[in-house]
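Hi,

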Amino acid sequence: MSESNVFELVKLIKAANGDPSSITDSIWEAGYRQPERTAEEAAKITISVFFYCNSLGMPTDFWPRDYDSVLQNELMKAVLGEDDELHEAEPAAIAKNVIRAGFTKTV
């Protein structure tokens, strides 16, 4: 885990003022992505996200519309953490969780 990545993520997280959607958008716009997936992995993750949305009873208007939206959902999960609640303790904890989930800055 690179200290520079953690530092950059902490700055992005602090700037979002604790709003999970803003944090996710900021990290995504900064170019953080997980490694490419195979077609099979992409299909599985997409199906998993749709089942998750369905199980929460989310209106379909809020479901991902494309594969990038599915991947952004994966980033949101990393931001929220395992218990699906924002880690309010420290932005550094969120940053480390995002990096642990495999997100790195892409060029």
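Below is what turned up, starting with a pair of helices and moving on to a pocket. Please bear in mind that this is a predicted model.

Let's begin with helix H2, residues 20–29, and helix H4, residues 67–80. Their axes come within 9 Å and cross at roughly 120 degrees. Angles of 65 to 115 degrees would count as roughly perpendicular and those over 145 as roughly antiparallel, so H2 and H4 are oblique to each other. The crossing of the two helices is right-handed.

Which residues make the contact? On the H2 side they are Pro20, Ser21, Ile23, Thr24, Ile27 and Trp28. H4 brings Asp68, Leu71, Gln72, Leu75, Met76, Val79 and Leu80. Sorted by class, the contact of H2 with H4 has nine nonpolar residues, three polar ones and one charged one.

Now for the largest pocket, which holds about 380 Å³ of space. It is lined by 17 residues, and the closest to its centre are Met58, Phe62, Gln72, Asn73 and Met76. Two or more lining residues come from each of H2, H4 and helix H3 (39–55). Which element gives the most to this lining? That is H4, with six residues. As for class, the lining of the largest pocket divides into nine nonpolar, five polar and three charged residues.

Best wishes

Technical notes
Residues numbered from 1 in each chain as written. Predicted model: local features only at pLDDT ≥ 70, side-chain atom pairs only at ≥ 80, totals over all residues. Heavy atoms only, no water. Axes fitted to C-alpha atoms, helices over the stretch in contact; angles between N-to-C directions. Helix = DSSP H or I, 4+ residues; strand = E, 2+ residues; numbered from the N terminus. Parallel < 35°, antiparallel > 145°, perpendicular 65-115°, else oblique. Left-handed = near helix turned anticlockwise from the far one by under 90°. Contact = heavy atoms within 4.5 Å. Nonpolar A, V, L, I, M, F, W, Y, C, P; charged D, E, K, R; others polar. 1 Å grid on protein atoms, 1.4 Å probe; cavity = no way out; pocket = protein on both sides within 12 Å on 5 of 7 lines; lining within 4 Å. Points joined across faces, edges and corners; volume = space filled by probe spheres on them.
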